[in-house]
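Visitor: I would like to learn how to read a structure like this one, feature by feature. Could we go through it together?

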Amino acid sequence: MLKLLSFIFVVGCLFPLFANPYWLRIASSALLLSSLSYAHNLLFYFLGYPAFGGIAFFGLGAYTFSFLYSKGFPLIPSLLLSMLIPSLSALILLPIMLRLKSHYFAISTLALQVMLMELVENIEFFGGTKGYALNLSHHANIIAYYLFLLALLGLFLFVILLERSVFGRTLKAIKEDETASLTLGINPMPYKLSMLLLMGMSLGFLGGAFSIWSAYIDASTVFNPTLSVKTFFVLILSLNSPIYGPFLWSLFFEMFFETLWSNFPQMHGILLGLGIMLLILAFPRGLKWKRS
Amino acid sequence: MEIIFQLLIDALLLAGYYALLSSGFSLMWGVSGIINLAYGSFVLVGAYLVYTFHLLEMSLFLAFPLTVALGLISGVVLQHLLINRLINYEPFTLLVLTFGFDMLLSNLLNFFFKADVRSLTLESLSGSLFVSHFIVPYNKLLVFLLSFLAILALQLYLKGTWTGKAIRAVSFDRVGAELCGINPGKIYTISTSLATALAMLSGGFYALLQGFTPFDSGGITLKAFFVCVVGGLGNVHGLLLGSLVLALSEVFSGFYLGEGWKVVISLVILVLFLLWKPQGVAGVKYA
């Protein structure tokens, strides 16, 4: 595993030196998608909660960053705050939802995400429907690429450590049978909260990095439910391999569909829908989490 | 004061329509436990079908039954070709499948009809009925009455016929129904087929009420989901109550806060209900 990690590190670091902007863009979107998947997997794979609307915290991160940066805040503090605010909001908003299970949890978080989208669109103070256009340097896309790479490597390493640690096994025990783990003296709440915090933090960071990457954000881009679906699509396909799966599937997904889209721009929605259906029909197995 | 009564009338008319709009979604969720995220797209397919039939100068008396028939058939196809393949896996796979299907359908509609706003305006329904100071547009009134009739028919079917009773039995207790000789697979097919037909029928009415584009499907599915969560599954009271809450919140927030807030308010209510009372006001089962 560490070999793969160092391989990704070396190749990832050197890639921008050789790649043209087009391939850099595809690589960035693959890194973004895989980091999003790893971040959602903290809650989904380890605790069995499918936070379908986790993109809400990605959007919050993007908005925090863009709001601060456009008000003249320097880049790094804005990025740090874009980690802090979504993680705190996750801690405030999600614990009460943890009472719901399976697709009830999934849909209520999705409702939260769409609610935030509509809310932000209706409040002029946060840019309204216009969103934010950021004034960044020419190298913003390379900075964003390295930020995505950093997020991916961090999450990847963390997932490997979790798989090997007592903490990770405790999480899985809670996922398998919460009552049984209670009788063994495990209090699930601190575990759940720490995973929520971590998920919110990494999603917020990705949101901030996304703002740097695209230099323009609005509510319908950063709270887009299509992002949630892409993420969970990757997660479901990689349920049997939480470590390699999200990275490899994201790479495949972005390359495949990017090629398809650039060749058939008229048809990309149709092909994406069809692709999602066919792949889920072909690989429905491996879904295991706490049943309601 | 008068304006409040006018808004109440609007909300009531809308609630009747929402009850029909959500009935298929509620039926499918209640009976087979499937949250069909492609539901809104089926509604739009119905809307575009009726619209196309009308452009081809077909009488609406023929166009609506034809749309319903096509709905019944496409429901059977949906169940056999797609849903049955995943029904034994975790419900989450079906969410992803139906979401993919929703994308496919709305993009296909976009491909054929383009993203322009379409609407079906009939000369005979363009006026309004004036009752003292209140305005009741003919199209809303007609859709309300027809929705009422359709729900009544559905109710009679579910309560009166053998198949209807079997549907309710499976929804209430699948194993018990199986022990009585009911084949749940067939019942699932029938309920999906009925649900799709109801979706496409309400799509036809949607075209009469307002303009539509291929990408309205998410909002429509959300409305149906709202009605099911707030009202609860399993009986018609829940359906009516949920629709009333949705219509009231939309009409009043739209008037007092502005159109943009309609969705926000209904989502706030939805999230509160999911947390506080996920079985809904009148729900009999927690699917």
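Visitor: Which residue is the bridge partner of Ser128(B) in E2(B)?

Guide: In this predicted model, where local features need pLDDT of at least 70, side-chain atom pairs count only at pLDDT 80 or more, and totals for chains, interfaces and linings use all residues, the partner of Ser128(B) is Pro137(B). Residues are numbered from 1 along each chain as its sequence is written, while chains are lettered from A and ligands numbered from 1 in the order in which they are written. Two strands pair if DSSP finds at least two bridges between them, and here strand E1 (residues 128-131) of chain B and strand E2 (residues 134-137) of chain B pair in the antiparallel sense over 4 bridges. Their hairpin has 2 residues between the strands, and Ser132(B) takes a positive phi near 45°. Strands (E, at least two residues) and helices (H or I, at least four) are DSSP runs, numbered from the N terminus.

Visitor: In which element of chain B is confidence lowest, and in which is it highest?

Guide: Where pLDDT is low, the predicted coordinates should not be read in detail. This score is the predictor's confidence in each residue, from 0 to 100; chain B averages 89, with 98% of the residues at 70 or above. Within chain B, the lowest mean, 83, belongs to E1(B), and the highest, 95, to helix H2 (residues 39-55) of chain B. The model as a whole scores ipTM 0.84 and pTM 0.86.

Visitor: How many residues of H2(B) are buried?

Guide: A residue is buried if 20 or more other C-beta atoms, placed from the backbone, lie within 10 Å of its own, exposed if 12 or fewer, and partly exposed in between. H2(B) is mostly covered, since 13 of its 17 residues are buried. The expected span of a helix is 1.5 Å times one less than its number of residues, so H2(B) should span 24 Å, and its end C-alpha atoms are 25 Å apart, which agrees. H2(B) is followed by Glu57(B), which has a positive phi near 60°.

Visitor: Is Phe44(A) buried or exposed?

Guide: Phe44(A), in helix H2 (residues 21-47) of chain A, is buried, with 27 other C-beta atoms within 10 Å. Two residues are in contact if their C-beta atoms, placed from the backbone, lie within 7 Å; leaving aside residues up to four places away in sequence, Phe44(A) touches Tyr49(A), Pro50(A), Ala51(A) and Leu235(A).

Visitor: How many residues of chain B are in contact with chain A, and which element gives the largest share?

Guide: On chain B, 31 residues are in contact with 32 residues of chain A. The elements of chain B that give two or more residues to this side are helix H3 (60-86), helix H4 (91-113) and helix H11 (261-276), and H4(B) provides the largest share, 15 residues. The residues on this side divide into 24 nonpolar, 5 polar and 2 charged, where Ala, Val, Leu, Ile, Met, Phe, Trp, Tyr, Cys and Pro count as nonpolar, Asp, Glu, Lys and Arg as charged, and the others, Gly among them, as polar.
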